[in-house]
Amino acid sequence: MACIFKMEDRYFMKMALALAEKGRGFTSPNPMVGAIVVKDDQVVGRGWHKKAGEAHAEVNAIDDAGPAARGATLYVTLEPCNHTGRTPPCTKKIIQAGIARTVIAMTDPNPDVIGGGIDCLRNAGIQVTCDVCEKQARKLNEIFIKFSRTKLPFVILKTASTLDGQIATRTGDSKWVTGESARLFVHRIRHEVDAIMVGIGTIRTDDPSLTTRLPDKKGKDPIRIVLDTRLSIPENARLLSLDSEAETIVVCGKSALDHKKKALMKKGVKIIQADEKDQKIDLHSLMPVLGQMGITSLLIEGGSRIIHSALAADIIDKVFLFYAPKILGGNDGFSLCSGKGPEKMNQAVQIKDMNVRWFENDIMIEGYLGK
């Protein structure tokens with residue numbers, strides 16, 4: 001599968017990747033995809049996948065190009081589909097439009113369909129070039145890639161702590177560790193993921209709503225998941241009476257009392273009974289359950305015990321670690337992790353592919369677990 005790049009291929013593919021970003025937060029469980037139609041070195045059509053169930057990027061770009069698509073080059077950030085799902089196969093649209101060449105950033109990660117779209121186009125006499133800006137395309141759709149291959153959610157851990165590693169004072173006060181700019185970024189992440197998870201301790205201490213609040217657009221609320229082994233959630237907890245399209249799920253252990261389950265279900269809460277480990281919800285066994293529910297991505301926001309449990313269960317794929325320029329100066333606050341750690345430094349969790357960003361005075365470290 002030799003691929004010959006032209007000088008302009010990366011330029012136009014970056015335009016397609018920028019278009020794909022417009023779908024962030026709206027396409028799940030589908031990937032974000034952008035497409036550009038180019039003829040005589042001029043862009044004649046643009047498109048992106050706007051929402052699951054709606055037309056794919058290639059279709060939108062070709063429709064935008066109209067008759068100019070014949071003999072043109074199509075740049076697309078993901079291998080065009082060659083099967084009928086909620087929409088017809090994009091390969092058919094590409095062939096019928098008379099596209100002469102297709103440039104693809106990355107192949108479809110689904111092991112059942114990988115390469116099928118490329119083969120279909122080549123068999124129709126269309127020149128195909130692959131792997132242009134592949135690294136950027138894979139990062140763009142890291143959630144889709146993992147879920148396609150494993151049927152497990154892509155798990156993101158977000159924390160905010162002082163420079164001495166504490167997420168709250170000794171009284172439990174955590175408002176606010178970081179500034180407004182950092183908190184806005186977290187709300188954008190909430191908009192992008194399928195679900196958000198906290199422990200019952202966070203509910204009791206902060207009484208959060210776990211919704212998305214964005215200043216420039218109406219954000220999508222994630223599904224709210226609370227780990228509550230014994231179903232001790234307060235009846236007046238804010239998230240039990242929200243005006244939100246997203247559902248609230250409470251995960252309990254097998255010893256939870258039936259009358260508590262029924263009381264929560266009357267409030268519209270979904271109950272999941274999960275396995276326990278060390279008297280806590282077994283997060284490793286919970287992930288396949290969430291995957292079966294179609295949850296492709298999960299944001300864990302704490303507190304310290306659930307962070308420890310998630311790290312111990314080895315379920316985290318990516319971290320957003322915020323550090324504020326503050327020092328509490330004591331050892332009686334709430335540390336980032338609460339639980340038993342390793343005996344040796346070489347047993348520490350390794351973070352790789354790190355990126356550092358500033359949010360006003362706060363620093364954020366983005367990275368991936370070294371699996």
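Colleague: Which residue stands opposite Gln 127 in E5?

Modeller: Arg 101. Keep in mind that this is a predicted model.

Colleague: What makes E4 and E5 a pair of strands?

Modeller: Pairing needs at least two bridges. Three bridges join strand E4 (residues 101-104) to E5, so the two count as paired. They run parallel.

Colleague: Why are E2 and E5 called edge strands?

Modeller: The open sheet has five strands in the order E2-E1-E3-E4-E5, with mixed pairing. Strand E2 (42-48) and strand E5 (127-129) each pair on one side only. From one strand to the next, the twist averages 15°.

Colleague: Which helix lies across E1, E2 and E3?

Modeller: Helix H2 (residues 57-65). Its angle to E2 is about 140°.

Colleague: How do you know that Glu 142 and Lys 318 form a salt bridge?

Modeller: The cut-off is 4 Å between a side-chain nitrogen of Lys or Arg and a carboxyl oxygen of Asp or Glu. Here the closest N and O atoms are 2.8 Å apart, so the pair qualifies. Glu 142 sits in helix H6 (residues 142-150) and Lys 318 in strand E15 (residues 318-323), 176 residues apart. Both Glu 142 and Lys 318 are buried.

Colleague: What makes Arg 170 and Asp 332 a salt bridge?

Modeller: Their N to O distance is 3.8 Å. The limit is 4 Å, so the pair counts. Arg 170 lies in the loop between strand E7 (166-168) and helix H7 (180-192), and Asp 332 in the loop between E15 and strand E16 (334-335). The pair therefore ties together parts 162 residues apart in sequence.

Colleague: Why is Arg 170 called exposed, but Asp 332 partly exposed?

Modeller: Exposed means over 50% relative accessible area. Arg 170 has 61%, so it counts as exposed. Asp 332 has 46%, which means partly exposed.

Colleague: Which residues do salt bridges with shared partners join into one network?

Modeller: Lys 139, Glu 142, Lys 318 and Glu 366. The structure holds 14 salt bridges.

Methods
Residues are numbered from 1 along each chain as its sequence is written. This is a predicted model: local features need pLDDT of at least 70, side-chain atom pairs count only at pLDDT 80 or more; totals for chains, interfaces and linings use all residues. Side-chain values use heavy atoms; hydrogens and water are left out. Helices (H or I, at least four residues) and strands (E, at least two) are DSSP runs, numbered from the N terminus. Buried means under 20% relative accessible area, exposed over 50%, partly exposed in between (1.4 Å probe, protein chains only). Axes are lines fitted to C-alpha atoms, for helices over the stretch in contact, and angles run from 0 to 180 degrees between N-to-C directions. Contact means heavy atoms within 4.5 Å.
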